[in-house]
Amino acid sequence: MQFISRYESPIGTITMASDGEALIGVWFDNQKYDRATLGRDFKEDNSMPIFVETRRWLDIYFSGREPDFTPPLRLSGSPFRQMVGEIMLGIPYGTTTTYGEIAREVARRMGRPSMSAQAVGGAVGHNPIGIIVPCHRVMGSDGSITGYAGGVDRKQFLLQLEL
């Protein structure tokens with residue numbers, strides 16, 4: 001069974017999803033790939049400890065401070081997407097990286113000479129746990145703000161918030 005809860009952020013309503021133990025999704029309502037990892041059988045439950053903890057994380061984050069904890073997460077998708085998610089979790093608050101830098105790290109971990117930045121871009125774009133797994137911190141090779149499933153305006157807001 002999966003569960004959902006909603007959070008009202010300064011930049012739109014967020015739906016959180018859990019498998020009962022860990023967070024499996026955080027999406028802005030109506031974003032690209034909204035609720036892509038959520039099955040059809042779910043129940044809304046605002047009192048679950050994972051949602052209470054995630055709301056506390058989001059409250060701290062949206063107040064302009066770096067949370068000093070991470071709610072329990074369960075990254076889904078292929079091993080490649082999970083690896084990209086783990087790498088994104090290592091991007092420090094207030095900093096950015098590029099798709100190319102993540103591609104180089106994926107190649108290093110896989111023992112390959114190279115990895116496609118476009119393949120990394122696909123994995124970043126399908127990140128099911130937005131904000132907490134900070135895909136908004138991933139930029140184009142020239143440092144430009146590129147696509148974001150929640151919208152480029154939201155990406156700019158999140159980056160500004162972390163300054």
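Guide: Asp-19 is a place to start: with a relative accessibility of 25%, it counts as partly exposed, where buried is under 20% relative accessible area, exposed is over 50% and partly exposed is in between (1.4 Å probe, protein chains only). This is a predicted model, so local features need pLDDT of at least 70 and side-chain atom pairs pLDDT 80 or more, while totals for chains, interfaces and linings use all residues. Residues are numbered from 1 along each chain as its sequence is written, and side-chain values use heavy atoms, without hydrogens or water.

Visitor: How many salt bridges does the structure hold?
Guide: Six, counting a side-chain nitrogen of Lys or Arg within 4 Å of a carboxyl oxygen of Asp or Glu.

Visitor: What does Asp-19 meet in a salt bridge?
Guide: Arg-74, at 2.5 Å from N to O. Asp-19 is in the loop between strand 2 (12–18) and strand 3 (23–28) and Arg-74 in the loop between helix 1 (49–62) and helix 2 (79–89), so the pair ties together parts 55 residues apart in sequence. Helices (H or I, at least four residues) and strands (E, at least two) are DSSP runs numbered from the N terminus.

Visitor: And Arg-137, buried or exposed?
Guide: Buried, at 7% relative accessibility. Its side chain meets that of Glu-162 in a salt bridge of 2.9 Å, N to O. Glu-162 is also buried, at 6%.
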